[in-house]
Amino acid sequence: LTPQPTVFIIFGGTGDLAWRKLAPALYNLYLDGWMPDHFSIIGTGRTQLSDEQFREKLLEGIDKFSRSGKAKPEQWETFSKNIYYQVSDLKDEKTYQELGSRIESYEAEWNQKADLIYYLAVAPNFFPIIAENIAKKCPSEGLDRTRIVIEKPFGHDLESAKALNAQLQNIFDEKQIYRIDHYLGKETVQNIMAFRFANSLLEPIWNRNYIDHVQISVTEQLGVEDRGGYYDGAGAMRDMIQNHILQLLCLIAMEPPINLDADEIRNRRVDVLRSMRRFDADAIRFGAVRGQYGHGWIEGKEVPGYRQEPEVNPESNTETFAAVKFFVDNWRWQGVPFYVRTGKHLSQSASVISIQFKNVPHSIFPAESAENWQQNRLIFSIQPEMSIRLQMQAKRPGLEMTLNPVDLVFDYSGTYAGKPPEAYETLLLDTMLGDQTLFMRSDQVEAAWELIMPILHAWGNKKSLSFPNYSAGSWGPENAEALIAQDGFHWFTLP
Ligand code: BG6
């Protein structure tokens, strides 16, 4: 399975994403033999650059971020011959005419029609104008040949997401639209489906009868860095929960699909979003917590509070932390809470899903033998540690019957050599192959927005008087502890 000859057009070619993620991903696909014999990568941007200067910039990104390390001169030489740059003004039709003629010239040279991938790594307000112009001026006919790839944020709320979907669907077929949620491309995230559906052991206990609750934590030590301009208009709920975290929740909660077809799997994922309990005022009050970091310390380094970050409103009401208790109201999950939390400038960077099982129905062990009693837990550690662990109780060696929790561990680094592909490698290859499984369909995006809109409204309408309410470097606001402690649980962290 190798892709057809492809022209890859990156709008926003001089941007951070192209530098940090796209170029290293394409380069590694090339090294691993996944790129077709004929391909061209055209970067576009406002800056005046020659092809050579653009190549040098991408090489810098590859040397810095590629999982295979610094590029080797011979390999880079042959790869980079396929990279070109075009100065562009996204509002000017000429940009698209020029792109169109470039594409035609490659096709003439290859004596073959190419697959065309238009990658929109630009601010979302440009999506509609690019889409319209591509349709008018560039080759875009033929469902199988043309794809448009879109980065988040996909809308700012339900209404704008619907409008954007309508605009895009007016021009392209849903089968041509690839909405990226890079979490779905992560190796450990793809393994959730494999682990759940390729083992017979789990399915009988994967339900409300055996599972007590589920936790999804995506915590980051990083602050907003230089993204204050975007982030201050978004916040943790829009930036992480609407997309990445709800998609993780879908993978944990989805029903078994009947096969691996993209739409079959996406149907099962959207079923979860549709079954999720809607939020009323009480559910928001008791089941959703927001936070904003103040000044603090990260690994011994002093960092400013969120309101002091560049491009952030000094009176900002934007949340940099959010924790929510969700329920999936269906036969399998009735009554099982799904606690999720995410935040910037927290104590640890870790993405971890913990499935906590119910206690044994009757303990035969005397209290003193079970001091370290822990219920069974299955832990998907997505990053930075890549592992799946099953926490069990076992006997501690010795003459007495003392119980001790132990882990059965599948650790990637101990099991496989080498670094697994980066999310963007998987996603770019899937785009070239025309496989939409790991991309967001319009109805998924809208269902996720619909679910969280009441919380966003409530938070938007009422300024939080307590911001900042956690110090950078801590585990978030106290209320986040209370959210889960009121049900008798604690947030799980890997040691
Ligand atoms: C992005 C968010 O989608 O995901 C960022 O916009 C966040 O704010 C990032 O830092 C986290 O991704 P990863 O792959 O580093 O966990």
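A polar side-chain atom of K344 sits 2.7 Å from an oxygen atom of the ligand in this predicted model.

| Residue | Distance from a side-chain N or O atom to a ligand oxygen atom |
|---|---|
| K186 | 2.6 Å |
| D239 | 2.6 Å |
| K344 | 2.7 Å |

On its own the ligand has 390 Å² of accessible area, and the protein covers 78% of this (Shrake-Rupley method, 1.4 Å probe). The surrounding residues (a heavy atom within 4 Å of the ligand) include K152, H182, Y183, E220, R227 and Q383. By class, the shell holds 6 charged, 3 polar and 2 nonpolar residues. Helix 9, residues 236-253, gives the most to this shell, with 3 residues; helices are DSSP runs (H or I) of at least four residues, numbered from the N terminus.

A18 counts as buried because its relative accessibility is 2%, the cut-off for buried being under 20% relative accessible area (1.4 Å probe, protein chains only). Beyond its neighbours within four places in sequence, A18 is in contact (heavy atoms within 4.5 Å) with I10, G12, G13, A23, P24 and L58. Y119 is 101 residues from A18 along the chain, and their C-alpha atoms are 9.8 Å apart.

Residues are numbered from 1 along each chain as its sequence is written, and side-chain values use heavy atoms, without hydrogens and water. Local features need pLDDT of at least 70 and side-chain atom pairs count only at pLDDT 80 or more, while totals for chains, interfaces and linings use all residues.

Terms used. Buried < 20%, exposed > 50% of the residue type's maximum accessible area, 1.4 Å probe, protein only. Polar contact = N/O pair within 3.5 Å; in protein donor to acceptor, adjacent residues only side chain to side chain. Helix = DSSP H or I, 4+ residues; strand = E, 2+ residues; numbered from the N terminus. Nonpolar A, V, L, I, M, F, W, Y, C, P; charged D, E, K, R; others polar.
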